[in-house]
Structure formats: structure tokens, C-alpha cells
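Biologist: Can you walk me through this model? I have the sequence and the structure open.

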Amino acid sequence: MNDHQVLRAAVLDGDGIGPEVVPVAVALAEQALAAHGVRMVLERLPYGESAIDSHGSALPESTLNALEHRELMIVGPHDSAAYPPPHRDAPPPGALLRKHFGLYANLRPAQAIPGVRATAPDIDLLIVRENSEGLYADRNMTVGSGEFMPTPDVALSVGLVTRQATERIAERAFEAARARRGHVTVVHKANVLRLTTGLFRDVCLEVAERFPDVRVDQQHVDAMAALLVRRPADFDVVVTENLFGDILSDLAAELSGSLGLAASINCSDTRVMAQAVHGAAPDIAGRGIADPIAMIGSVAQALQWYGTRHSDPGVLAAAEDMRVRVAATVAAGVRTPDLGGTATTAEFADHARAVGVGSS
Ligand code: ATP
Ligand code: MG
């Protein structure tokens, strides 16, 4: 019996539609894993607005401590704008998690789902976004704050790029390309931001030399935005810095159908956090109509990361099983209102669970 027959996961439901979509994704993962001989053991932890009420913090110390021992976290959206003061003005709990655990890579795939109207039905790419540096001051792990105002009428922002952080994100991108179509596009703006994004480009191209089997090219971020719309099928893996990655991944997600379908993981070399790209969607929360596809996709992506790291075919098969169930459910016409359908979250979940998949 191998030691991965039990997979322990921490589950943080979060705010808004989080408690509606996270349990659906978790239940589907449990079912898919069980079908491949893996038992998932869950630990639900306080997080978000309900944790402010019960523990006085959106990210209680007890939750952080429990997470220290968990390689896999499944995390719902947070709606920090709705928190009571002073919590509203504190760094959002999702950003704190990324920073605390050094989750330096944000991997956002964009792929159309057959049957869902997409501007770019043939898009199939993975954006590998550096998650710890660049212009995003609150995620900046090396210097305190990247933004400041020397006078009330002047605001400055400092961008940080280091060789070490660029090297590790580039390695993740080239490794990912090996398991895909063997092509990496390095995105930068080295004609203007010569030192920062220039270093990013140079280090990525140095790393490329260690992956001679992977084709590498480069684009300026502005040209990249246009090319993503014009010929999206040309791209396989896109590696870029924090801000560019944030913007391009929303663009790619929308091209593939809808931001509401977009899955993502945040990871380090030893930990993974499944977290859908969308927010807490307070406008539809509590109505039972949230689309669980992004959350399900995020958990499937986290299982894929875990299965790859541990060379565990059962976990890898479970990830694929989850994707097959989503595709089959959409193909059967069971869709939530965001996709033009009338299904509830529960109806989607029931259908997905009942899909016959291979041996499961
Ligand atoms: P954040 O600031 O946390 O990123 P946001 O303001 O960008 O949040 P979301 O919470 O993602 O916004 O919601 C944007 C729109 O998309 C809303 O109209 C919301 O209802 C819709 N939406 C987001 N996620 C889903 C989902 N899973 N199912 C259906 N609709 C969704
Ligand atoms: Mg948003």
C-alpha cells in the first residue's frame, strides 16, 4: 500500500458564494479520488467574514497553524470590502495566505469548454504568473511596501524583479511546457522597463538554455494582448511578471468563455492552494445559482499538481475524472444562469456526480 492512499486537504469556504461552490468541488474531488483508491481527509478551517465573527480575524492564527501541516488547501473567495472596520482595511486574507506560505507561482489555464460560447474556442494555454514581485506592493516579499507618496500630490510605485524569483518561475514554466506542447512565450516590456522587465526576460532566456527541447520566443506585453485576440491558438505556456500576468490572464479567461469559468492554483515547491479566479460574487450569493465550474477546475488543477509531485497516478486520474464530469454536464445542457442556463448549483453538482466516467 503506498503512502498516498490518504490525501489530507484543508478547506476554507470563504465568503459570498464560497460556501456554495467550495463544498461542490470538494465533494466531486472526494468521489473522483475514491474511485481511484485515494481517500481524501478534510479539515475545515475558519476563514473570511464568519471567522471575524467567531475568531476576531478573517485569517485566524489557529487556521494558519493548522495550514502549516497541509500541502493541499482548497480556498474559497473572500469579500474583504464587506468586512467591518478595521478588518476592511487590512490586507485581504487571500493575499496573506499567498505571502505567508510563499506561493510564488500563479498558474492560470485558459481553455474553452465545448458547448460554452467562447470568443476564442481554440485557445488552450497556461499563464505562469510570477506571484511575489513586480509592482504589486502588498505581495512584495522582499521590501516592505512598493508604494509611497513623497508629497500629497505625488505617488510613486517601485517594481521589484530578482534573479532568484525569476529563475524559479521560469523553471516552472519550462517544466510545464514539457508536459504540454513544448512552447514558452516570455512576456515583458523591456523596451521601456529596461532594467526590471529586462532582467526578467534575460533570466527567462537563460533558463531556456537548460530546456533545449522547449521552443522559446518573447513578446512585449502590449503586442501580446493583441496577439492573444488575433491568434490565441499560437500560445502554449506564457510566463510573465505579476501585473502583466494578472491582466493577461483575465483577457485569456474571457477569450475562453467567461471569467466565471477560470480556474487557478497558487503554489510553491511544496504547497498548493486551489483558488478560483472569480471573487465572492455578493450579487448572487445565497441564491444557489453560482457556477461551480471554476472552483471544480481549480481543485482538479491542484490534484494534478499533487499527483505530479508525488508521481501518483490515482490522484492524476482523479483530476482528469473531475474535468470529464464538468465537460459532460455542460454538454448535457446543464448550465447555471451565467452560462445562459437555468440549473442551480445543486442541480449541476448532482448531474456531475452522476456522470459515468471510465471505471468510476
Ligand atoms: P474580486 O474583487 O474579489 O475579484 P470582483 O468584484 O472582481 O471580485 P466577482 O465577485 O468575481 O467580482 O464577480 C463579478 C461578476 O461575476 C458578478 O456579477 C458575479 O455575480 C459574477 N460571478 C463571479 N463568479 C461567479 C460564479 N462562480 N458563478 C456565477 N457568476 C459569477
Ligand atoms: Mg476581480
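Modeller: By definition a residue is buried if 20 or more other C-beta atoms lie within 10 Å of its own, exposed if 12 or fewer, and partly exposed in between, with C-beta atoms placed from the backbone. This is a predicted model, in which local features need pLDDT of at least 70, side-chain atom pairs count only at pLDDT 80 or more, and totals for chains, interfaces and linings use all residues. Residues are numbered from 1 along each chain as its sequence is written, while chains are lettered from A and ligands numbered from 1 in the order in which they are written.

Biologist: Where is Ser311 in the fold?

Modeller: Ser311 sits in the loop between α9 and α10. Helices (H or I, at least four residues) and strands (E, at least two) are DSSP runs, numbered from the N terminus. The phi of Ser311 is near 45°, a positive value in a residue other than glycine.

Biologist: Which other residue has a positive phi although it is not a glycine?

Modeller: Ala281, with a phi of about 45°. Ala281 is in the loop between β12 (272-274) and α9.

Biologist: Is Ala281 buried or exposed?

Modeller: Ala281 counts as buried, because it has 21 C-beta neighbours inside 10 Å.

Biologist: OK, the ligand. Which residues are closest to ligand 1?

Modeller: His278, Gly279, Ala281, Asp291 and Asp338 are the closest of the 14 residues that surround ligand 1. A residue is near a molecule if its C-beta atom, placed from the backbone, lies within 6 Å of it.

Biologist: Where is Asp338, and what does it touch?

Modeller: Asp338 is in the loop between α10 (313-331) and α11 (345-354). Not counting residues up to four places away in sequence, Asp338 touches Ser258, Gly260 and Asp291. Contact means that the two C-beta atoms, placed from the backbone, lie within 7 Å.

Biologist: Why does Asp338 count as partly exposed?

Modeller: Because Asp338 has 19 C-beta neighbours inside 10 Å.

Biologist: And Ile293?

Modeller: Ile293 lies in helix α9 (residues 293-309). Ile293 counts as buried, because it has 30 C-beta neighbours inside 10 Å. Leaving out residues up to four places away in sequence, Ile293 touches Leu261 and Val326.

Biologist: Switching to strands. What pairs with β10?

Modeller: Strand β5 (residues 124-130) runs parallel to β10 and is joined to it by 4 bridges. Strand β8 (residues 183-188) is also parallel to β10, again with 4 bridges. Two strands pair if DSSP finds at least two bridges between them. Val128 stands opposite Val239 in β10, and Val184 stands opposite Val237.

Biologist: Which way do the side chains of β10 point?

Modeller: Val237 and Val239 point one way from β10 (residues 237-240), Val238 and Thr240 point the other way, and all are buried.

Biologist: What else does β8 join?

Modeller: Strand β9 (residues 215-220), in parallel, through 6 bridges. From β8 the chain crosses through helix α6 (residues 196-208) to β9, in a right-handed β-α-β crossover. Right-handed means that, with the strands pointing away from the viewer, the path from the first strand over the helix to the second runs clockwise.

Biologist: What about Glu130?

Modeller: Glu130 is in strand β5 and counts as buried, because it has 28 C-beta neighbours inside 10 Å. The C-alpha atoms of Glu130 and Asn242 are separated by 4.9 Å, although the two are 112 residues apart along the chain.

Biologist: Last one: what is the mean pLDDT of the protein chain?

Modeller: The mean is 93, and 96% of the residues reach 70 or more; pLDDT is the predictor's confidence in each residue, from 0 to 100. For the complex, the predictor gives an ipTM of 0.95 and a pTM of 0.93.
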